Amino acid sequence: MDLSSSASSSVDSGAILIFAPTGNDGALTESFLSGEGKSVRVCKTMEELCRAAQDRCDMILLAEETLNSSSIQTLREMLSHQSPWSDIPMAVITSGGEASPERLRILASGGTSANIGLLERPFRRGTLLTMVAVALRARSRQYQVRDLLAEREEARATLEGIVQSRTAELRETNSQLETLVYSIAHDLRAPLRSMQAFARILMDDYGPALGEEGGHYCQRIAKSAETMDYLVLDLLAYGKTARSEMELDSVSLKDAWQVALDQFERDMHELHAVVT
């Protein structure tokens with residue numbers, strides 16, 4: 001038995017369940033409430049009442065005489081399966097204005113509803129309607145809490161869907177970018193290797209004809225092509241950082257500084273720059 005299904009109901013009002021099989025309590029209560037336009041259901045057994053409460057129940061009205069050990073256990077079992085937001089208001093019709101304390105204690109114990117009021121016989125129409133109005137206001141607030149929880153759950157599910165969708169899109173974009181980087185790197189390295197090879201051929205076969213200055217420039221071409229090739233390899237390595245752990249290691253600042261100076265040697269020469 002699970003009352004959580006009532007949380008998704010779109011009906012604005014539920015039934016007031018009555019279980020008072022002896023005397024005229026049931027008929028009188030039904031007459032008063034029906035005359036006020038309330039939705040009322042008179043139940044013949046506690047089992048019928050508990051089944052009806054699974055649909056949508058705004059309030060339960062019980063005659064004290066119905067609360068024996070068996071019916072109390074059945075009622076407690078139903079109440080224990082309420083949704084966290086739910087606490088069905090109940091009223092016990094009593095004689096002398098006082099119900100059996102032991103019965104109420106057993107009914108309200110065990111973590112079930114303690115939202116219980118007393119209605120003394122003979123009760124008047126106004127007294128009944130006032131008690132019912134208070135109970136229905138309390139129940140209405142519970143439905144508001146239910147709706148807020150449902151909205152929050154819907155918002156959370158929507159947000160999770162958006163996050164999953166964006167994550168999938170980002171992974172797809174990263175995969176495409178990685179493929180593009182590999183393609184570009186492959187295309188860039190081919191002419192660089194040609195530059196290195198032809199520079200070596202020039203130095204090996206035409207070194208004397210180039211002279212000292214020409215040989216120096218030829219070496220610079222080969223060195224720049226080699227540096228560019230390393231940069232392309234670094235680009236490939238950088239593209240893998242999103243999929244692997246980075247290993248930290250020490251580097252030589254002197255060597256890094258010298259590489260930087262070599263890259264800007266021509267610009268510094270033309271500008272007559274001095275770097276300290």
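Begin by selecting Asp-25 and Arg-121, both of which are buried, where buried means under 20% relative accessible area, exposed means over 50% and partly exposed lies in between, with a 1.4 Å probe and protein chains only. This is a predicted model, in which local features need pLDDT of at least 70 and side-chain atom pairs count only at pLDDT 80 or more, while totals for chains, interfaces and linings use all residues. Residues are numbered from 1 along each chain as its sequence is written, and side-chain values use heavy atoms, with hydrogens and water left out.

**Stop 1: the charged residues**

Side chains of opposite charge can pair when their charged atoms come close. Keep the selection and look at the side chains: Asp-25 forms a salt bridge with Arg-121, with 2.5 Å between the closest N and O atoms, a salt bridge being a side-chain nitrogen of Lys or Arg within 4 Å of a carboxyl oxygen of Asp or Glu. This pair links distant parts of the chain, since Asp-25 belongs to helix 1 (residues 25-35) and Arg-121 to strand 5 (residues 116-121), 96 residues apart. Helices (H or I, at least four residues) and strands (E, at least two) are DSSP runs, numbered from the N terminus.

Glu-65 sits in the loop between strand 3 (57-63) and helix 3, 56 residues apart from Arg-121 in strand 5, and it counts as partly exposed because its relative accessibility is 42%.

Select Arg-146 and Asp-147 next, a pair that forms a salt bridge with its closest N and O atoms 2.6 Å apart. Arg-146 counts as buried at 6% relative accessibility, whereas Asp-147, at 32%, counts as partly exposed. A search of the whole structure finds 10 salt bridges.

**Stop 2**

Pro-122 lies in the loop between strand 5 and helix 5 (125-239).

Then go to His-272, in the segment after helix 7 (265-271). His-272 has a positive phi of about 55° although it is not a glycine, and with a relative accessible area of 69% it is exposed.

**Stop 3: helix 2 beside helix 3**

Display helix 2 (residues 46-53) and helix 3 (residues 69-80), which pack at an angle of about 5° with their axes 10 Å apart. The two helices are therefore roughly parallel to each other. On the helix 2 side, Met-46, Glu-47, Leu-49, Cys-50 and Ala-53 meet Ser-71, Thr-74, Leu-75 and Met-78 of helix 3, where contact means heavy atoms within 4.5 Å. By class, this contact has 6 nonpolar, 2 polar and 1 charged residues.

**Stop 4: the cysteines**

Finish with Cys-50, which is buried, with a relative accessible area of 1%. Its sulfur is 8.8 Å from the closest cysteine sulfur, in Cys-43, too far for a bond. Cys-43 is buried as well, at 3% relative accessibility, and its sulfur lies 8.6 Å from the closest cysteine sulfur, in Cys-57, again too far for a bond. How many disulfides does a search of the whole structure find? The search finds 0, a disulfide being a pair of cysteine sulfur atoms within 2.5 Å.

Key: Axes fitted to C-alpha atoms, helices over the stretch in contact; angles between N-to-C directions. Parallel < 35°, antiparallel > 145°, perpendicular 65-115°, else oblique. Nonpolar A, V, L, I, M, F, W, Y, C, P; charged D, E, K, R; others polar.
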